[in-house]
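I opened the file to note down what can be looked up in the coordinates. The entries follow in the order in which I went through them.

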Amino acid sequence: MNDLIAARSQMALSLGFHIVFACIGMTMPILMAYSEWKWIRTGKQVYIDLAKAWSQGVAIFFAVGAVSGTVLAFELGILFPEFMKHAGPIIGMPFSWEGTAFFVEAIALGIFLYGWNKLSKWMHWLSGVVVGIAGILSGIFVVSANAWMNCPAGFKWENGEAIDIDPVAAMFNTAWFQQALHMVLAAFIATAFAVAGVHAFLLLKNRKSLFHKTAVEMALIFGAIAALLQPLSGDISAKNVAKYQPAKLAAIEGLYKTEQPADFIIGGIPNDEKETVEFGLHIPGVLSYLAYGDFNAEVQGLDKFPKDEWPLVIVTNISFQIMIGIGMVLACTGLLFLLFKWRWRKVLDKNGWLRFIAFLTPLGFIAVEAGWIVTEVGRQPWIIYGVLKTKDAVSTMPGIQYSFYAITVMYVLLTAIIIWLLQRQIAEVDKNYPSAATHI
Amino acid sequence: MIFVIIFILSVSFLLYTLLGGADFGAGIIESFSGKKGEKVISKAMAPVWEANHVWLILAIVIIFTGFPVVYATLSLYLHIPLMIVLFGIIMRGSAFVFRYYDVSENRMHKYFSFFFKTSSFITPFFLGITLGAMMLGEITTINAGTFFGRFVHPWFNLFCATLGLFVTSLFAYVAAIFLVGEAEGGEQKKYIRLSKIFLFITFGVGGIVFLAGEMQSQHLFEGFFRSGLSITSFCIVVLIIPALFYYFNHPHSFYLRGLIALQVTFILLGWFALHYPVVVYLKDSEPLTFFNTAAPAATIDQLLIALFVGLLLIGPAFFFLFRVFKKSS
């Protein structure tokens, strides 16, 4: 394994690991605060039980998220020192805001997790809301730094140095809004559907549990709304990528040759040698429309770029298809859920529906991972799009693969332990929370 | 403007040494305090440990935004010790929450405790090694020579190792004093005894750091005697010891904590005075200072705004957190 691949793999693994915890850290505080709010308003035991049971699990996720995030702050430099040397002064600003937001989040979380009996109800609830808002803000700031790598702004590049740095312009680059929106919604979708899925699974085992039934419905409300908004955010993203990162769009779509109008291809496998997508279903003109809002627009293909500046088409394309496929399934599920809730409430109690929801548990997170692969692999070979190549930014220390192997072992081990701990918590829910054993 | 940034960076560094240090140290102390100690330590740490460690993130962000060349240089040449620090940080935080949040005791806890304790020792040791490498000036930026010479030798040596030990024992010392206020009766006596032991170890190792420095032609003594601020700081550090002993005999958590905070502040100030404005000494080029590595003014201004707003929010929030949880003690 060469050092560039090792460094990229280590970064990918570290980000891929952290993002799961980051999503949970953004969403769960809001879910818990919502549940606590319902408890304060209605006085029903089940709501406070849910908030408390969730907070037990969240404490573990949050801590692992915090440490894996600290690791990332170091790894940016350890793996890509040349990148941080140039990027630090330009995108340090969102990172410093992120630091602030994360600080507030960590403090408020301490108060929320340990202050159940030490604060008034509303103060406690407020600390939960602060955790959620600070979590979402820190997510937005970090994504804005990533957006800058995709759409660099706020500096001039001369002789391999950045001059005329404007950190505000860098932070509010052309991609920050669409990426931040897309990520926050994705966090809510992935986490809410996973929570609903786990509780649906438990409800199938204990069909009378008010606790699990309430949890499924509460989580699905959040998941459904976010999943229905996501296609709109995706549309904003597509138009942005078409305009500012045409090579990425071409790789996403496996569009080897510039076309006017361009077809949207569903499914299929891109073939770099034949420069075509095999076995896909072509829908004429739709890509032109999605990218530019015009069925006859020209869409740039990879032929407009030198071959050494192509991203890995097959990885970008397949990841994109996975993300879109899952997004569609979850959006439709969300729509059905709202429909059933409004009209055919009985359906929500059927075993089939619960099995389906349980089946969806991991899908949102798979889509999040796939989406990040699209963004990151789709930007290659650049680390700062059009400015600095990843191979020129990577650490010059030989033997990075050993760091990568070690961190892989560590993360695999942690994942296994977390699953084990979570499963232990779930097994004890009925014992520890009165409403979990209560029948409907 | 840049002076304000340097000041905030130093304060974050100090707070990390105190709060993060107490936290790492608690993990070291746990090795000497038995099963009861585990309970006291877990209970004292659980609500605050994450917030305590954010000071490190703050310091890192300030360094990579404000002094990018320092960050790039350290992270390239000190890849190995920094990776070990990272492993320590992940292992420690995870093992701690795994143990604390698991629903009931079981045999896995033994392993969680083991990892928690070992990483509580390893992480500060390698943080100290990293600091040592910044002071020692064996880092070479010339792209030639062996792997060992470029990426191992700058930190793998006697001086760095003694500094690693110093940081470790300092953290344990801070933690022991902090824990005096968290325990009562016989438990408390145990922490007082540990405080005294680690006080002696810390001062002993501190002396050895100076000797090891001489052996590797790092003339710490010479610099020390030339700097009025270093000498003054050292005198204050020493003068605090009798006061500490008074409160060891008449335990009072607030005064003990105040005194250790003061002592650590002056240890760091004395050290800071030796080096300022240098951040990293290099083997065959000019040292990196706060000034020759500073980011452009526009960046520094924005960083300052973010830090200022941040501290306005964080300060009161931190105060509230400690008030809620430390009221009882």
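Helices here are DSSP runs of H or I with at least four residues, strands are runs of E with at least two, and both are numbered from the N terminus. The model is predicted.

**Entry 1: chain A as a whole**

I counted elements in chain A and got 15 helices and eight strands. The C-alpha trace of chain A spans about 65 × 45 × 40 Å along its principal axes. Of the 440 residues of chain A, 56% count as buried. I also looked at contacts in chain A between residues at least 6 apart in sequence; 75% of these join residues at least 24 apart.

**Entry 2: the nonpolar core**

Which residues touch the most other members of the largest nonpolar core? I found Val174(B), Ala175(B) and Leu179(B), in a core of 270 residues. Helix 2 of chain A, residues 45–79, gives the most to this core, with 20 residues. I followed up Ala175(B), leaving aside its neighbours within four places in sequence. Its contacts are then Ala22(B), Gly25(B), Ala26(B), Ile28(B) and Ile29(B).

**Entry 3: helix 1 and helix 8 of chain B**

I looked next at how helix 1 (residues 2–30) and helix 8 (residues 158–180) of chain B pack. Their axes are 7 Å apart and the angle is about 90°. Angles of 65 to 115 degrees count as roughly perpendicular, and helix 1 of chain B and helix 8 of chain B are therefore roughly perpendicular to each other. The residues of this contact divide into 15 nonpolar, three polar and no charged.

I listed both sides. Helix 1 of chain B brings Leu18(B), Gly21(B), Ala22(B), Phe24(B), Gly25(B), Ala26(B), Ile28(B) and Ile29(B). From helix 8 of chain B, the residues they meet include Phe171(B), Val174(B), Ala175(B), Phe178(B) and Leu179(B). Val174(B), Ala175(B) and Leu179(B) are also the residues I noted for the core.

**Entry 4: where chain B touches chain A**

I took the contact between the chains: 52 residues come from chain B and 55 residues from chain A. On the side of chain B, the elements that give two or more residues are helix 3 (49–66), helix 4 (68–77), helix 5 (79–101), helix 7 (147–152) and helix 13 (297–326). Helix 13 of chain B supplies the largest share of that side, 15 residues. By class, the side of chain B that touches chain A has 42 nonpolar, eight polar and two charged residues.

I went back to helix 4 of chain B to check burial. Ten of its ten residues are buried, so helix 4 of chain B is largely enclosed by the rest of the structure. Among them are Pro68(B), Tyr71(B), Thr73(B), Ser75(B) and Tyr77(B).

**Entry 5: Ile418(A)**

I picked out Ile418(A), which lies in helix 14 of chain A, residues 400–432. Not counting residues up to four places away in sequence, Ile418(A) touches Ile60(A) and Val64(A). Ile418(A) and Ile60(A) are 358 residues apart along the chain, and their C-alpha atoms are separated by 7.9 Å. Is Ile418(A) buried, partly exposed or exposed? A buried residue needs 20 or more other C-beta atoms within 10 Å. Ile418(A) has 19 C-beta neighbours inside 10 Å, so it counts as partly exposed.

**Entry 6: backbone in the loops of chain A**

The bond from Gln260(A) to Pro261(A) is cis, with omega near -5°. Pro261(A) lies in the loop between helix 8 (246–253) and strand 3 (264–266) of chain A. The bond from Gln380(A) to Pro381(A) is cis, with omega near 5°. Pro381(A) lies in the loop between helix 12 (363–377) and strand 7 (382–384) of chain A.

I then looked for positive phi outside glycine. Asn159(A) has a phi of about 50° and lies in the loop between strand 1 (156–158) and strand 2 (161–163) of chain A. With 5 C-beta neighbours inside 10 Å, Asn159(A) counts as exposed. Phe279(A) has a positive phi of about 65° and is not a glycine either. Phe279(A) lies in the loop between strand 5 (276–278) and strand 6 (281–283) of chain A. I noted Phe279(A) as exposed, with 9 other C-beta atoms within 10 Å.

Notes: Residues are numbered from 1 along each chain as its sequence is written. Chains are lettered from A and ligands numbered from 1 in the order in which they are written. This is a predicted model: local features need pLDDT of at least 70, side-chain atom pairs count only at pLDDT 80 or more; totals for chains, interfaces and linings use all residues. A nonpolar core is a set of buried Ala, Val, Leu, Ile, Met, Phe, Trp, Tyr and Cys residues joined through C-beta atoms within 7 Å. A residue is buried if 20 or more other C-beta atoms lie within 10 Å of its own, exposed if 12 or fewer, and partly exposed in between; C-beta atoms are placed from the backbone. Two residues are in contact if their C-beta atoms, placed from the backbone, lie within 7 Å. Axes are lines fitted to C-alpha atoms, for helices over the stretch in contact, and angles run from 0 to 180 degrees between N-to-C directions. Angles under 35 degrees count as roughly parallel, over 145 as roughly antiparallel, 65 to 115 as roughly perpendicular and the rest as oblique. Ala, Val, Leu, Ile, Met, Phe, Trp, Tyr, Cys and Pro count as nonpolar, Asp, Glu, Lys and Arg as charged, and the others, Gly among them, as polar.
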